[in-house]
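Please look over the sequence and the structure shown here before reading on.

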Amino acid sequence: MAKRLGKGLNALFPDVDEQSIEQISIDECRTNPYQPRKTFDADAIEELKTSILEYGIIQPLIVRKSIKGYEIVAGERRFRAAKEAGLEHVPAIVKDYDDRKMMEIALLENLQREDLTVIEEAVAYKNLINELHLTQEELSAKIGKSRSHIANTMRLLSLPEDVILFISNGELSMGHGRALLGLQDKEQLPLLVDKIRKNDLNVRQIEQMITELNKKKPKQKREKPKKDIYLQQYETKLRDILGTNVKIQKNKDKGKIEIEFYNNEELERFVRMFQ
């Protein structure tokens, strides 16, 4: 489930190669206060330390000058490994970035991790959109991923927390998650998830089961009138733009649009988009 984005930091910020590389004291370096990643795998740091001892630091850190030395914009893993290796100086490119740019690069660099799970990827997309006030189209242009990929990945976060955990720890795949999103009767979701885990069902099997389940009429429930295809198209369009579930209802006299949100930050993001 490991993945990387189509663009690296050099592609996202091509101007870094135009700057001269400086050797700065490792004791003057401070971690990025906007770094969303708080834990670093000890084995990975040890492996990088061994590589640095043999080959040195191939890719320089990106830093910005601060009152107490330098703040690391990108390259905290290299910094930690270099410190473990006992280096006194590290190669760095000094940039004049404001706080917004610091946050942007920290979030984007977090997406470059090789061990990134699909749920971590979805959360990173959500953080970038919320923290940097981006649309999905703007994020798509920055990271080289299609808007539909971003929207579909973020949709996994609308699954129940236990299902998200199963996807995150590898018990369920992204394919399983996307298939489960199509289940109409959400009350059957726990039972279906349990069957996947116990019987090691593949995505194709689950899709077939969901197709059959969706054909069955729920007991003691009146069949809802079929929604106008025009409204369905706009529900899909709004869902892709907003990255959340959207329902449109309309009768003879009036209609309404329901937009799901999960926290105040997400609500504020929607309000800004409609201003």
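## Basis of the model

This is a predicted model, in which local features need pLDDT of at least 70 and side-chain atom pairs count only at pLDDT 80 or more, while totals for chains, interfaces and linings use all residues. Residues are numbered from 1 along each chain as its sequence is written, and side-chain values use heavy atoms, with hydrogens and water left out.

## Nonpolar cores

A nonpolar core is here a set of buried Ala, Val, Leu, Ile, Met, Phe, Trp, Tyr and Cys residues joined through side-chain atoms within 4.5 Å, where buried means under 20% relative accessible area, exposed over 50%, and partly exposed in between (1.4 Å probe, protein chains only). The largest such core has 22 residues, and Leu-159, Leu-172, Leu-180 and Ile-206 touch the most other members. At least two residues of this core come from each of helix H5 (118-132), helix H8 (161-168), helix H9 (174-180), helix H10 (189-199) and helix H11 (203-215); helices (H or I, at least four residues) and strands (E, at least two) are DSSP runs, numbered from the N terminus.

Leu-180, with neighbours within four places in sequence left aside, is in contact (heavy atoms within 4.5 Å) with residues including Leu-159, Leu-172, Lys-186 and Ile-206. Another core, of 17 residues, lies apart from the largest one, and Ile-26, Ile-57, Leu-61 and Ala-82 are among its members.

## Salt bridges

The whole structure holds 10 salt bridges, each defined as a side-chain nitrogen of Lys or Arg within 4 Å of a carboxyl oxygen of Asp or Glu. In helix H2 (residues 42-55), Lys-49 and Glu-46 lie 3 residues apart, about one turn of the helix, and their side chains meet in a salt bridge at 3.9 Å, N to O. Lys-49 is buried, at 19% relative accessible area, whereas Glu-46 is partly exposed, at 40%.

Helix H10 holds both Asp-194 and Lys-198, 4 residues apart, and their side chains form a salt bridge at 3.2 Å, N to O. Asp-194 is partly exposed, with a relative accessible area of 29%, while Lys-198 is exposed at 65%.

## A residue between two strands

Lys-68 is placed in the loop between strand S3 (61-66) and strand S4 (69-74), and it counts as exposed because its relative accessibility is 66%. Residues up to four places away in sequence not being counted, Lys-68 touches Glu-28 and Arg-30. Although Lys-68 and Glu-28 are 40 residues apart along the chain, their C-alpha atoms are separated by 7.1 Å.
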